[in-house]
Amino acid sequence: MSGAFIVIEGLEGAGKSTVIGAVSEYIKNKGHDVLCTREPGGTPMAEAIRDCVKQDWSTEEVTQETELLLMYAARSQLVHNVIKPAINQGQYVVGDRHNLSSLAYQGGGRQVPDLTMSQLKTMTLGSFSPNFTLYLDIEPILGLSRARGRGELDRIEMAGIAFFERARERYLAEIKTMQQQDAYSAAIIDASQDVDSVRESVLNSLDAWYSEFHHASRS
Ligand SMILES: Nc1ncnc2c1ncn2[C@@H]1O[C@H](COP(=O)(O)OP(=O)(O)OP(=O)(O)O)[C@@H](O)[C@H]1O
Ligand SMILES: [Mg+2]
């Protein structure tokens, strides 16, 4: 029996890392093995790329092409070496970010052309895509103030607010397209709520998806 890939997406401070434990628990309680991943990262090489991407290179400008290619390099390592093998063994993989983050940040935020984005996706992922995406929607100001409360902001978090507004717009547009193609493929969660309410909304959406997915894979 094949597993599934569930992805949690959203801007900095939306609460992805805060809810991933509840998502993982839900799936475990359904009797599945769960593997949590984060992007960029999740393999030794991909974690090294993560450090490289987040680092402040002071006077050396990091071009948007470099950032984009490093993100896809890390994703390729993770999908090839970890995510696909786990799914093939029947595990449920819960990802803290995946390809939608690149579409939002590099595509929306940095305004990398759509064609470049789709070519990179096809090259590194082919037709591989998540079974379910939980998008935690938050206004950038609120998300960043939460992230700031967590400590120093990294290089990407220090991009201007307009960058994050564009990223959020892209997230919402992509989620809408996904839902039009398959109503069960994605859910939008109001992440401005308190932690308990966000968790409850996440679990309700997850439950609706799981029932449908389980039903479809049995029939
Ligand atoms: N619903 C919430 N209300 C208030 N604070 C929250 C909420 N969810 C998370 N937080 C707090 O906000 C901060 C950021 O949350 P978290 O690390 O889960 O965000 P994230 O989406 O994983 O961000 P990043 O993309 O930077 O990893 C943490 O200090 C967390 O405790
Ligand atoms: Mg996080």
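Guide: E1 and E4 run parallel and are joined by five bridges; two strands count as paired if DSSP finds at least two bridges between them. This is a predicted model, in which local features need pLDDT of at least 70, side-chain atom pairs count only at pLDDT 80 or more, and totals for chains, interfaces and linings use all residues. Residues are numbered from 1 along each chain as its sequence is written, and side-chain values use heavy atoms, with hydrogens and water left out.

Visitor: Which residue of E5 stands opposite Leu134?
Guide: Ala187 does. E4 and strand E5 (residues 186-190) pair in the parallel sense over five bridges.

Visitor: Why is strand E4 called largely enclosed?
Guide: Buried means under 20% relative accessible area, exposed over 50%, and partly exposed in between (1.4 Å probe, protein chains only). Six of the six residues of E4 (residues 132-137) are buried, so the strand is largely enclosed by the rest of the structure. Phe132, Leu134 and Leu136 cover one side, and Thr133, Tyr135 and Asp137 the other.

Visitor: What makes Cys36 partly exposed?
Guide: Its relative accessibility is 41%, so Cys36 counts as partly exposed. Cys52, at 29%, is therefore partly exposed too.

Visitor: Where is the kink in H3 centred?
Guide: The kink, of about 45°, is centred on Val79. The bend at a residue is the angle between axes fitted to the seven residues ending there and the seven starting there.

Notes
Chains are lettered from A and ligands numbered from 1 in the order in which they are written. Helices (H or I, at least four residues) and strands (E, at least two) are DSSP runs, numbered from the N terminus.
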